[in-house]
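User: Please take a close look at one part of this model: the place where the two chains meet. I want the contacts, the areas and the residues behind them.

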Protein chains: 2
Amino acid sequence: MPRTVDREEQRRHIGTALLRLVSERGLDEVSVRTVAAAAGRSPGAVQKYFRTKEEMLAFAAELAGERVERRMAGVDTSLPPRRALRALILTTLPVDAERRAEATAQLAFAVHATHHPRLAATRRQVDEDVRQALAAWLEVAGYGAHATAVADAVIALSDGLALRMLYAPQEHEHLLTVLDHALDVLLPDPPVMG
Amino acid sequence: MPRTVDREEQRRHIGTALLRLVSERGLDEVSVRTVAAAAGRSPGAVQKYFRTKEEMLAFAAELAGERVERRMAGVDTSLPPRRALRALILTTLPVDAERRAEATAQLAFAVHATHHPRLAATRRQVDEDVRQALAAWLEVAGYGAHATAVADAVIALSDGLALRMLYAPQEHEHLLTVLDHALDVLLPDPPVMG
DNA sequence: TCCTTTGGGATACAGTCGTATTCTAAAGCG
DNA sequence: CGCTTTAGAATACGACTGTATCCCAAAGGA
């Protein structure tokens with residue numbers, strides 16, 4: 001068994017290049033050849049790790065989902081509820097170059113998923129994870145009454161804000177105040193215990 | 001000047017076919033040839049009305065924007081505020097086949113606009129119109145204090161809900177209850193006058 | 001009626017797409 | 001060392017892309 005290589009690492013390398021390409025040039029600029037170029041590989045090499053383009057996209061979509069979950073898991077949820085929730089949401093908004101790239105990829109995949117059941121399934125899985133985590137956290141923070149409704153509203157709100165921030169970066173700051181106002185009414189401060 | 005034809009009507013006919021194609025098969029299935037087929041024309045005929053594909057997409061994007069504004073203008077805003085706002089939002093959500101088609105096209109164009117400045121400009125224009133109309137209406141309905149913030153929150157919320165409904169139609173009904181809960185907190189009932 | 005302009009279809013062309021196949025070189029194992 | 005398996009590049013192929021060009025039929029103005 002000669003010249004063996006960490007296949008999973010290679011797949012991640014290519015998947016990462018694909019996500020970078022999506023965020024910089026959009027999903028329709030993604031082809032086997034452009035991804036190979038972005039990853040510093042030959043198109044033939046990419047084919048060794050992904051038999052079809054669809055398989056490559058599915059892998060990248062999962063990779064993007066993992067990133068979201070990992071980033072949210074990194075937020076200090078012991079902060080005051082309102083601040084913690086704001087921090088959680090900010091990890092999904094295009095507030096800096098890195099998050100802008102990820103938000104772009106997320107939304108591109110979300111829209112793509114509308115017509116591609118396989119991608120839709122992985123999207124829903126990520127959504128479900130985020131939703132459960134958010135709802136559970138709202139519960140312990142004292143917002144048990146409408147935890148899941150608030151969680152879903154928060155997800156929808158941040159998706160909508162992210163979308164708008166992407167094609168209207170001028171409104172960036174204004175949209176952050178919109179977020180704050182929405183959080184004011186969604187999370188009455190202080191929380192009602194019980 | 002022989003054989004003259006209503007050019008604008010023809011452009012609309014082709015643009016309508018394009019939007020239908022986007023909603024049914026996604027934006028990456030849009031090509032000059034597929035649009036021509038969907039419109040019952042030859043590719044050459046389409047070229048007579050749109051010199052480039054980009055021009056065709058820009059026209060379709062404006063057409064889609066017009067539809068949103070027309071549909072919202074058709075809502076009876078003399079209803080009780082809460083009911084009227086709900087009706088306004090429902091015109092943008094994929095609650096039936098027709099609105100599903102439009103929401104799909106809207107979101108596809110929105111994401112596409114991220115990397116295409118010309119489309120982003122027309123998106124922003126539509127957003128601005130909707131935003132102003134919504135804010136003005138909230139003002140007379142007695143929610144003057146945070147009218148624009150509420151308007152923007154509502155827009156973001158419905159965009160996020162629409163996106164999710166498209167790739168997760170199973171959650172459709174649940175998401176409508178999420179909308180209602182969000183409206184409950186965004187529009188305290190009854191409104192505070194002044 | 002003829003001439004000119006137009007709508008609309010057909011065709012051509014160069015480029016890119018996804019994917020299958022074929023090649024070379026390298027590396028572990030006997 | 002030599003054999004075998006693999007990584008990875010190169011090539012090939014048919015389909016599709018956007019767009020330019022050409023051709024024909026139809027219709028209004030002279």
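The answer below starts with one chain and then turns to the interface.

Analyst: This is a predicted model. Start with the fold. Chain A has nine helices and zero strands. Along the sequence its pattern reads α-α-α-α-α-α-α-α-α. The C-alpha trace of chain A spans about 65 × 40 × 30 Å along its principal axes. Chain A has 194 residues, and 53% of them count as buried. Among the contacts in chain A with a separation of 6 or more, 64% join residues 24 or more positions apart.

One helix of chain B shows the packing inside a chain. Helix α5 of chain B covers residues 81-90, and its buried residues are B:Ala84, B:Leu85, B:Leu88, B:Ile89 and B:Leu90. These buried residues pack against α4 (53-73), α6 (97-113), α7 (117-140), α8 (147-167) and α9 (172-186) of chain B. As background, an α-helix has 3.6 residues a turn, so residues three or four places apart point the same way.

Now the pair. Chain B superposes on chain A by a rotation of 180° with 0.0 Å of shift along the axis, at an RMSD of 0.0 Å. The two copies are thus related as by a two-fold rotation axis. Of the interface residues of chain B, 100% are also interface residues in chain A, so the copies meet through the same surface.

Next, the extent of the interface. In chain B, 45 residues are in contact with 45 residues of chain A. The area buried between the chains is about 3,600 Å², and carbon and sulfur atoms give 64% of that area. Three residues stand out: B:His115, B:Arg164 and B:Tyr167 supply 19% of the area that chain B buries against chain A, more than any other three residues.

Four salt bridges are counted between chain B and chain A. B:Arg164 forms a salt bridge with A:Asp152, with the closest N and O atoms 3.1 Å apart.

Which elements of chain B give two or more residues to the side that touches chain A? They are α1 (7-25), α6, α7, α8 and α9. Helix α8 of chain B gives the largest share, 14 residues. By type, the residues on this side of chain B divide into 22 nonpolar, 12 polar and 11 charged.

B:Thr114 sits in the loop between α6 and α7 of chain B. Its relative accessible area is 18%, so B:Thr114 falls under the 20% cut-off and is buried. Leaving out residues up to four places away in sequence, B:Thr114 touches A:Thr104, A:Leu166 and A:Tyr167.

B:Arg131 lies in helix α7 of chain B. B:Arg131 is also buried, with a relative accessible area of 19%. With the sequence neighbours up to four places away left out, B:Arg131 touches A:Arg164 and A:His174 in chain A, and B:Thr148, B:Ala151, B:Asp152 and B:Ile155 in chain B. One of these, B:Ala151, is 20 residues from B:Arg131 in sequence, yet the two are 6.1 Å apart in space, C-alpha to C-alpha.

Key:
Residues numbered from 1 in each chain as written. Chains lettered and ligands numbered in written order. Predicted model: local features only at pLDDT ≥ 70, side-chain atom pairs only at ≥ 80, totals over all residues. Heavy atoms only, no water. Buried < 20%, exposed > 50% of the residue type's maximum accessible area, 1.4 Å probe, protein only. Helix = DSSP H or I, 4+ residues; strand = E, 2+ residues; numbered from the N terminus. Contact = heavy atoms within 4.5 Å. Least-squares fit on C-alpha atoms with pLDDT ≥ 70 in both. Buried area = accessible area lost by both parts, 1.4 Å probe. Salt bridge = Lys/Arg side-chain N within 4 Å of Asp/Glu carboxyl O. Nonpolar A, V, L, I, M, F, W, Y, C, P; charged D, E, K, R; others polar.
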